[in-house]
Amino acid sequence: MAKNGFFFVHFAVFLFGLAGLFGKFLSCSPVFIVLGRTSFGAAALWGYARLVSGDRLSGFTARTCLLFILQGALLAAHWVTFFLSIQISSVAIGLVTFSSFPLFVTFMEPFFFKEPLRKADIFTALSVFAGIVLVVPDLDFGNTVTAGAFFGLLSGVTFAALALVNRKNAGFSNPVAVAFYQNLSAAVCLLPMALCLNLTRPELSDIPCLMVLGVFCTALAHTLFIHSLSFIRAQTASVIAGLEPVYGIVLAFFLLHEVPSFRTLAGGAVIIGTTIAAGMLNKRGLG
């Protein structure tokens, strides 16, 4: 049964990595990319909960609903900055700099949860920071790599905040409900921007791509990741999730013919390697 869990989690992470490529497949504004992703994702998760899993999507307290709204706003900010990073620079830059989120979790988590800052966490954060320094060539925002890295890091910051809010909400909400309301709230948050701002809108031909992004790379990927936790430990799944940039960069190489620079590969190796190593050490109780 553990083999099933490994297949599910690897396929889910493969789909998460594939999602980054839609920043290049689609030429519309990241606001519309994320609005489409979250709308189709929420619809698919609602169908899954109602017709397959039987997960309860109602009966939550006002406090929980407020947390769902906050999660949705953070998810929207995370994905908009993520796709903006990729559109400005490359899939590799967006994925690698987003993967720096453990750096921000390291210093935000003790503040929010009143926990001590461990020496191992500080070492992890410094290693991730070293990887970021390798990726960013200079501080000139006229450089597309620097600008893309900035929005990728901003994507990492918002994802770190989302992870901490998710931790706060994990005790009294089932994962499918959290995913559904996160996507629904994110779509609602982005709708006024999509209607009021003069942004590049999607073409009719973009709708199938948005459906694939929402249904497969969001709803299905999230469901498979959750399902894998029935067979393998959450810590093991989180370590495998660190491979998302690897899948994304490999897919971008074959499908988009994007060849990352040596600096990007070196910095990415440091960031991804540090994240995976930290996860494995925590699994063994050494962190």
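Cysteine 65 counts as partly exposed because its relative accessibility is 35%, where partly exposed lies between buried (under 20% relative accessible area) and exposed (over 50%), with a 1.4 Å probe and protein chains only. The structure is a predicted model, in which local features need pLDDT of at least 70 and side-chain atom pairs count only at pLDDT 80 or more, while totals for chains, interfaces and linings use all residues. Residues are numbered from 1 along each chain as its sequence is written, and side-chain values use heavy atoms, with hydrogens and water left out.

**Cysteines**

- The structure holds zero disulfides, a disulfide being a pair of cysteine sulfur atoms within 2.5 Å.
- For cysteine 65, which is in no disulfide, the nearest cysteine sulfur belongs to cysteine 189 and is 14 Å away.
- Cysteine 189 is likewise in no disulfide, and its nearest cysteine sulfur is that of cysteine 196, 14 Å away.
- With a relative accessible area of 32%, cysteine 189 is partly exposed.

**Aromatic pairs**

- A search of the whole structure finds 18 aromatic pairs; rings of Phe, Tyr and Trp (its six-membered ring) pair if their centres lie within 6.5 Å, and planes under 30 degrees apart count as stacked, over 60 as edge-to-face and the rest as tilted.
- Phenylalanine 11 and phenylalanine 14 are stacked, because their ring centres are 6.1 Å apart and their planes are at 10°.
- These two residues are three apart in helix H1 (residues 2-19), so about one helical turn separates phenylalanine 11 from phenylalanine 14; helices are DSSP runs (H or I, at least four residues), numbered from the N terminus.
- Phenylalanine 11 is partly exposed at 32% relative accessibility, and phenylalanine 14 is partly exposed at 27%.
- Phenylalanine 60 and tyrosine 181 form an edge-to-face pair, with 5.9 Å centre to centre and 85° between the planes.
- That pair links distant parts of the chain, 121 residues apart: phenylalanine 60 is in the loop between helix H3 (30-53) and helix H4 (62-88), and tyrosine 181 is in helix H9 (residues 175-196).
- Phenylalanine 60 and tyrosine 181 are both buried.
- Phe7, Phe8, Phe11, Phe14, Phe231 and Tyr247 are joined into a cluster by ring pairs.

**Charge over a ring**

- Arginine 37 lies over the face of tryptophan 79, 3.8 Å from the ring centre; the criterion is NZ of Lys or CZ of Arg within 6 Å of the ring centre and within 35 degrees of the ring normal.

- Phe25, Val246, Val250, Phe253, Phe254, Leu255 and Val259 form a nonpolar surface patch with about 660 Å² of accessible area together, computed by the Shrake-Rupley method with a 1.4 Å probe.
- Patch residues have over 30% relative accessible area and no salt bridge, with nonpolar side chains joined within 5 Å and like charges within 9 Å; a salt bridge is a side-chain nitrogen of Lys or Arg within 4 Å of a carboxyl oxygen of Asp or Glu.
- Helix H12 (residues 244-255) gives the most to this patch, with five residues.
- Valine 259 is in the loop between H12 and helix H13 (262-283), and counts as exposed at 66% relative accessibility.
- Histidine 257 lies in the loop between H12 and H13, and is exposed at 64% relative accessibility.
- The phi of histidine 257 is near 60°, a positive value in a residue other than glycine.
- Most residues other than glycine have a negative phi.

**Histidine 222**

- Histidine 222 is found in helix H10 (residues 207-228) and is partly exposed, with a relative accessible area of 27%.
- Histidine 222 and valine 52 are 170 residues apart in sequence and 15 Å apart in space, C-alpha to C-alpha.
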